[in-house]
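Me: I'm new to this one and would like to learn how to read it. Could you walk me through a few features?

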Amino acid sequence: MSLAIVYSRANIGVDAPLISIEVHLANGLPCFNLVGLGDATVRESKERVRSAILNSGFEFPAKRITVNLAPADLPKDGGRFDLAIAIGIIAAGTKIPQAKLNDLEIIGELALSGSVRSVPGIIPMTRASCEVAHKVMLPKHNQQEAGMIENSELLPVSTLLEAYNHLTETQLIPLFTAPTNLAKQHYDEDMSDIVGQQSAKRALEIAAAGNHNILFTGPPGTGKSMLAKRLITILPELSEQQALEVATIYSVAGHQIDPQNWRIRRFRQPHHTSSAIAIAGGGSIPKPGEISLAHQGVLFLDELPEFERRVLDALREPLESGSVSISRAARKTDFPAKFQLVAAMNPSPTGALNDGRSTSDQVLRYLNKVSGPFLDRMDMQVDVPKVSVGHFSATDQSERETSERVRERVCRCRELQIKRSGKLNAELNNAELLAFCPMSNSDRQFLHEAIDKLGMSMRAYHRILRVSRTLADLQDEKQISRQHLLEALSYRSLDAILKQLTNV
């Protein structure tokens with residue numbers, strides 16, 4: 001009887017728990033049993049492993065083979081255990097010393113020829129291995145992605161035979177070291193591309209400075225989508241920790257990560273026909289949705305009323321908590337979802353208000369497709385009017401402000417907020433709003449009266465305070481003034497339209 005233990009990693013959301021692959025060879029009728037709560041892909045690895053071992057020049061043991069993936073009660077999926085199982089079978093035949101496997105984790109899917117294929121979710125696996133000071137043997141196609149983990153010790157292989165030769169010291173594989181040079185962030189869009197719309201560009205800068213959610217309303221063709229797409233160009237680049245969080249989510253989702261631009265924030269724009277699962281995440285094996293893929297970046301919802309109401313309402317909790325929990329009968333998975341929401345919509349079903357083509361009731365029904373509680377979570381509602389044709393020819397692009405200049409002001413404002421409260425203004429809780437939003441008694445009374453007159457909720461009241469705090473920070477003022485309150489109240493255009501239509 002022979003026993004070998006090989007270590008690998010599973011993927012549960014953004015976590016990668018350690019898996020012990022125990023391989024036992026015993027006398028008896030030849031058979032191959034694989035246990036440990038694996039899905040169909042894991043169970044099918046028996047045939048991939050058998051062919052890969054034979055095609056790599058090894059003899060497949062004519063014995064009773066039992067492979068246990070421990071812990072037995074943890075669900076396992078994918079082909080990432082193939083290489084580890086094959087190495088375990090060869091090691092159980094006493095061809096590889098067990099000592100060579102004790103501080104090594106092996107990940108990779110096998111082709112029938114014995115070549116090693118890439119697997120999704122390599123970043124969380126590598127991070128977890130690095131934390132316990134284990135080396136990682138992984139597919140060569142995954143080496144650049146895994147190399148983004150600092151201090152990781154990687155052994156990239158292309159075939160099962162390469163892995164065997166390294167473990168028997170026939171031909172050692174050098175540790176892979178990822179290049180450290182990172183390209184400077186570059187965007188194809190720039191704020192200087194936008195003609196006119198000074199008020200909307202000012203609002204976009206405020207949203208970037210305080211991490212506020214923003215809704216653009218206006219007729220078709222006024223530049224709402226252009227504004228939204230340029231938000232990431234005025235945001236600071238991700239810190240290394242934030243970039244690793246984002247890279248982990250993309251790795252789990254099966255997306256390739258480019259080490260040259262991994263510090264750039266993501267811009268996600270799902271179509272309005274997207275389902276709730278596509279937006280929030282889910283599936284029998286939970287995968288991240290659009291809100292998680294937009295983590296630390298921007299989620300843009302164009303044609304907002306065309307999204308199903310239940311899809312929009314599914315965003316309400318993640319907008320508050322910064323994460324989403326996907327619960328299934330077998331497991332519960334949490335994904336980070338700390339994103340900045342940007343939305344755009346027309347103010348009426350025909351495209352513009354007062355165009356004579358829709359009645360007040362039709363407009364109200366159209367706007368009511370978006371629930372009140374969802375609108376409450378939009379810090380800013382900005383009107384984007386039409387720009388006259390003459391304005392295009394009269395404006396010189398060289399005179400328009402670039403994204404780089406706006407980003408400098410945004411970064412200074414964000415640094416001020418982090419120094420004061422340790423977080424951005426959009427994340428301040430109610431107690432922190434009282435502490436960090438000082439104002440005179442007369443200004444506070446003015447705000448209370450304005451909220452009552454406009455019929456806003458307490459959530460909207462707190463969001464106006466957060467925007468006012470950002471406005472004061474942009475001017476480097478410690479106290480919120482009447483001017484800041486008035487400007488923050490002006491960024492509630494849709495509330496004003498709804499109130500006007502309701503009173504008709």
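Reply: First, the ground rules. This is a predicted model, where local features need pLDDT of at least 70, side-chain atom pairs count only at pLDDT 80 or more, and totals for chains, interfaces and linings use all residues. Residues are numbered from 1 along each chain as its sequence is written, and side-chain values use heavy atoms, with hydrogens and water left out.

Me: What is the phi of N151?

Reply: Near 70 degrees, which is a positive value in a residue other than glycine. N211 also has a positive phi, of about 65 degrees, although it is not a glycine. N211 lies in the loop between α7 (198-210) and β10 (214-217). With a relative accessible area of 18%, N211 counts as buried.

Me: How many residues of α3 are buried?

Reply: Eleven of its eleven, so the helix is mostly covered. Among them are D82, L83 and G88. After α3 comes T94, whose phi is positive, near 65 degrees.

Me: Which peptide bond is cis?

Reply: The one from A70 to P71, with omega near 5 degrees. P71 is in the loop between β4 (64-70) and α3 (82-92).

Me: And what does P61 touch?

Reply: Contact means heavy atoms within 4.5 Å. Not counting residues up to four places away in sequence, P61 touches L25 and I89. P61 is found in the loop between α2 (45-55) and β4, and its relative accessible area of 19% makes it buried. S20, in strand β2 (residues 18-26), is buried too, at 18%.

Me: How do I read two packed helices?

Reply: Two packed helices are described by the angle between their axes and the distance between the axes. The axes are lines fitted to C-alpha atoms, for helices over the stretch in contact, and angles run from 0 to 180 degrees between N-to-C directions. Here α7 and α20 pack at about 100 degrees, with axes 9 Å apart. That makes them roughly perpendicular, a label for 65 to 115 degrees. The contact is made by R202, E205, I206, A209 and G210 of α7 and V467, T470, L471 and L474 of α20.

Me: Last one: what is the volume of the largest pocket?

Reply: Rolling a probe the size of a water molecule over the atoms shows where empty space is left. On a 1 Å grid over the protein atoms alone, a pocket is an open set of points where a 1.4 Å probe fits, with protein on both sides within 12 Å along at least five of seven lines; lining residues have an atom within 4 Å of a point. Points are joined across faces, edges and corners, and the volume is the space filled by probe spheres set on them. The largest pocket comes to about 840 Å³. It is lined by 36 residues, of which N211, K338, L424, A426 and E427 lie nearest its centre.

Terms used. Helix = DSSP H or I, 4+ residues; strand = E, 2+ residues; numbered from the N terminus. Buried < 20%, exposed > 50% of the residue type's maximum accessible area, 1.4 Å probe, protein only. Parallel < 35°, antiparallel > 145°, perpendicular 65-115°, else oblique.
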